Amino acid sequence: AESLLDSELFGHVAGAFTGATGDRDGRFLQADGGTIFLDEIATASPALQVKLLRVLQEREFEPVGGSATRSVDVRVILATNEDLETLVAAGRFRADLFWRINVVAIAVPPLRDRASDIPALAGHFLRAAALRAGRDVAGFTPRALEALVRHPWPGNVRELEHAVERGAFLGRGPLVDVADLPPAVAAGHGVEADVAPAAAPPIKRALAAPERRLILDALERSGWRRDAAARALGINRTTLYKKLKRLGMDLADLESAR
């Protein structure tokens with residue numbers, strides 16, 4: 001709730017709301033002289049955006065329920081996976097706040113655009129997962145590594161981590177093989193016939209990849225809500241499930257790998 005978020009960031013005084021039995025410092029005050037990191041800033045409500053703008057401009061705020069102004073000197077780092085300029089143009093994000101925070105912007109390309117990073121990341125995640133699984137796993141087979149590099153990773157690095165975890169926990173050999181990976185990742189190994197019937201005409205095999213990509217993008221944008229994804233694709237939910245089955249896409253595996 002927004003009121004609880006206000007308390008978390010800016011603190012509160014005793015009696016400010018039910019359950020506030022004493023004064024509490026917020027995260028900004030705790031970070032005084034240091035750094036505070038705010039993730040998914042695009043989701044900030046209009047009221048919270050106003051408060052953040054004041055903290056950034058004036059370096060001061062009042063705790064929830066309090067009248068005493070507190071001053072802080074904090075380095076603020078923010079992250080988002082959305083295009084803030086587009087949100088500003090749509091009236092969903094304050095332009096003055098955007099220009100205040102857009103000082104040093106670091107664009108991190110999605111994992112699909114940095115395939116050379118995948119082997120190193122996968123190896124790091126495998127060592128951690130193998131330790132939790134209590135297994136001695138030396139690495140990946142060439143087929144498995146090829147599948148990891150080819151996959152478009154709509155769920156980005158988190159999807160890669162979960163895919164490797166699955167391989168570490170379900171695999172039985174000294175190396176993670178392509179069969180140990182989630183079906184959506186394993187399908188990227190070799191030709192499209194892995195996910196489409198071998199006897200299918202060439203045009204169907206050629207269309208399978210972009211269709212799968214469109215479905216994954218719709219699911220990601222809709223927060224994996226099936227009805228919303230189907231509407232975005234201009235189809236009904238039953239048709240969506242039929243397409244998923246035909247393309248060999250397991251929703252449970254795909255969503256768990258986000």
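Student: Is phenylalanine 10 buried or exposed?

Tutor: Buried means under 20% relative accessible area, exposed over 50%, and partly exposed in between (1.4 Å probe, protein chains only). Phenylalanine 10 has 5% relative accessibility, so it counts as buried. Keep in mind that this is a predicted model, in which local features need pLDDT of at least 70 and side-chain atom pairs count only at pLDDT 80 or more, while totals for chains, interfaces and linings use all residues. Residues are numbered from 1 along each chain as its sequence is written, and side-chain values use heavy atoms, with hydrogens and water left out.

Student: How do I read a pair of aromatic rings?

Tutor: A pair of aromatic rings is described by the distance of the centres and the angle of the planes. Here, rings of Phe, Tyr and Trp (its six-membered ring) pair if their centres lie within 6.5 Å; planes under 30 degrees apart count as stacked, over 60 as edge-to-face and the rest as tilted. The whole structure holds three aromatic pairs. In one of them, phenylalanine 10 and phenylalanine 28 are stacked, at 5.5 Å centre to centre with 5° between the planes.

Student: Which parts of the chain does this pair tie together?

Tutor: Phenylalanine 10 lies in helix 1 and phenylalanine 28 in helix 2, so the pair ties together parts that are 18 residues apart in sequence. Helices (H or I, at least four residues) and strands (E, at least two) are DSSP runs, numbered from the N terminus. Phenylalanine 28 is buried too, with a relative accessible area of 1%. Ring pairs also link Phe10, Phe28 and Phe61 into a cluster.

Student: What does the pair of phenylalanine 98 and tryptophan 99 look like?

Tutor: That pair is edge-to-face, with 4.8 Å centre to centre and 65° between the planes. Phenylalanine 98 is buried, at 6% relative accessible area, whereas tryptophan 99 counts as exposed at 57%.

Student: And how should I read a nonpolar core?

Tutor: Think of a set of buried Ala, Val, Leu, Ile, Met, Phe, Trp, Tyr and Cys residues joined through side-chain atoms within 4.5 Å. The largest one here has 23 residues, and Phe10, Phe28, Leu52, Phe61, Leu84 and Phe93 touch the most other members. Several elements each supply at least two residues, among them helix 1 (2-10), helix 2 (27-30) and strand 1 (35-38). Helix 3 gives the most, with four residues. A second, separate core has 22 residues, including Trp153 and Leu181.

Student: Which residues does phenylalanine 61 contact?

Tutor: Contact means heavy atoms within 4.5 Å. Leaving aside neighbours within four places in sequence, the contacts of phenylalanine 61 include Phe10, Phe28, Val55 and Val72.

Student: Which residues of helix 1 are buried?

Tutor: They are Asp6, Ser7, Leu9 and Phe10. These buried residues pack against helix 2, strand 1, helix 3 and strand 2 (60-61). Just after helix 1, glycine 11 takes a positive phi of about 80°.

Student: What does the side chain of serine 7 make a polar contact with?

Tutor: A polar contact is a pair of N or O atoms within 3.5 Å; within protein, one must be able to donate a hydrogen and the other to accept it, and residues adjacent in sequence count only if both atoms are side-chain atoms. The partner of serine 7 is the side chain of histidine 12, at 2.7 Å. Serine 7 itself counts as buried, at 5% relative accessibility.
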